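Hi there,

Here is the structure I promised to pass on. Have a look at it first, and my notes on what turned up follow below.

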Amino acid sequence: MNRLFRLISLATLLLLTVQCHNPKTQKSGGEAANDTLVHYADLLSITRHDGFTDVAVTNPWDTTRLLHRYLLVPRDEELPANLPQGTVVRTPLEKTLVYSSVHASALELLGALDRIGGVCDLAYIKTPALLDRASQGKLVDAGNSMSPDIERVMELSPDAILLSPFENAGYGRIGKMGIPIIECADYLETSPLGRAEWIKLLGLLYGKEAEADSLFAQIEQRYNALKEQLEQSGSRPMVISELKSGSAWYMPGGKSYMARLFADAGGAYPWSENGESGSIPLSFETVFNRAGEADIWLIKSFNVGQLSYRALQKEYAPYARFKAFRNHNIYGCNTAECNYYEETPFRPDLLLQELAALFHPDRFPHYQLRYFQPLAE
């Protein structure tokens, strides 16, 4: 059981973010800002030019610099003369290696799963269509995303590789193969709609621009309408998340992605005034002193089905001192059985609706929970 609790929230940490400036005023080479395609994302800028589209990804760890610049050129056209410096990507992509199940799920939303030739970490893929292709030998399993199988990647010969960048992380032999590496820094956005807006880049890459624009417009409308509705709520229940891991309890910073969602869903977050956009390590005593009277407690785990009030108390008896424990108002998300991490990054409207229903059940009496379930006794 101790091992189970140590695993709780580890996957969540990959989603925790850093504070970023707006790249729309940080075009390289002194280029004037002329970005009309991106409105929420802080790390992504897309500018159209004759013959190519300029995509700039701001470095999340040093926002005065670019992480990468891509020049998207239709594959059936000649390269424009005097292209600026950057990685040329011929579009639409036809056969890609996709490291993350999050981006594979986004491509499913766009109807572009057939453009995925290979994946990493196949054991964590839940998309039925991809699993069917894998069972038929039509999908290359490139192995662990931290150390892909070079021979399999060479055999696949993808026209691009989609992955999530990490600070100071090199790509080894993969980075020397001459294959465009699309660094999808969407997980480092602090705004739910900002992260979802990266689907516009995927649309441009895969020739699904109209589909991406239409999908995002629907997500944006639904998210903002629900947010506006919840702003009229009189009550704002206090919410906390996850469990302590070792000596620290990692809470979302006040400027983080999850803190924004809590606020937009009509919840009160005890660390909303905190200026961090990543996780903040806290002692149990600090959490209890500030949030012992929290109304709702949310926990995500790869196998939260093994969690229960009894198991929580057995793991760490002081958990029982929390109001949410005493009132049996703890909800768990079993990420081994639901598509929380696959769906919610590019469908924040679904997660906002879920949180809204948890925080204000009287306003959504007929909502069926999609990700979180009441903790077992």
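Predicted model: local features only at pLDDT ≥ 70, side-chain atom pairs only at ≥ 80, totals over all residues.

A quick word on terms before the details: helices here are DSSP runs of H or I with at least four residues, numbered from the N terminus.

First, the overall picture. The chain holds 14 helices and 16 strands. Of its 377 residues, 53% count as buried. Among contacts between residues at least 6 apart in sequence, 60% join residues at least 24 apart.

Now to the helix pair. Helix 8 (residues 209-230) and helix 14 (residues 348-359) have axes that come within 8 Å and cross at roughly 25 degrees. Angles under 35 degrees count as roughly parallel, and the two helices are therefore roughly parallel to each other. Their crossing is left-handed. On the helix 8 side, the residues in contact are Ile-219, Arg-222, Tyr-223, Leu-226, Lys-227 and Leu-230, and they meet Pro-348, Asp-349, Leu-350, Leu-352, Gln-353 and Ala-356 of helix 14. By type, the residues of this contact divide into eight nonpolar, one polar and three charged.

Gln-353 is worth a click. With a relative accessible area of 12%, Gln-353 is buried. Leaving aside residues up to four places away in sequence, Gln-353 touches Arg-222 and Leu-226, along with Phe-364 and Tyr-367.

Next, the cores. The largest nonpolar core has 99 residues, and Trp-297 and Leu-298 touch the most other members. Helix 14 turns up again here, as it gives the most to this core, with eight residues. Beyond four places in sequence, the residues that Leu-298 touches include Val-239, Phe-262, Tyr-331, Leu-355 and Phe-372. There is also a second, separate core of 12 residues, with Cys-120, Leu-156, Leu-163 and Ile-181 among them.

Finally, some backbone details to check. Most residues other than glycine have a negative phi, and most peptide bonds are trans.

- Thr-91 and Pro-92 are joined by a cis peptide bond, with omega about 0 degrees. Pro-92 sits in the loop between strand 4 (87-91) and strand 5 (96-98).
- Asp-121 has a positive phi, near 55 degrees. Asp-121 is in the loop between strand 6 (116-119) and helix 4 (128-135), and counts as partly exposed at 23% relative accessibility.
- Glu-242 has a positive phi of about 65 degrees. Its place is the loop between strand 10 (239-241) and strand 11 (244-245). Glu-242 counts as buried, at 4% relative accessibility, and is one of the residues touched by Leu-298.

Best wishes

Technical notes
Residues numbered from 1 in each chain as written. Heavy atoms only, no water. Axes fitted to C-alpha atoms, helices over the stretch in contact; angles between N-to-C directions. Parallel < 35°, antiparallel > 145°, perpendicular 65-115°, else oblique. Left-handed = near helix turned anticlockwise from the far one by under 90°. Contact = heavy atoms within 4.5 Å. Nonpolar A, V, L, I, M, F, W, Y, C, P; charged D, E, K, R; others polar. Core = buried A, V, L, I, M, F, W, Y, C linked by side-chain atoms within 4.5 Å. Buried < 20%, exposed > 50% of the residue type's maximum accessible area, 1.4 Å probe, protein only.
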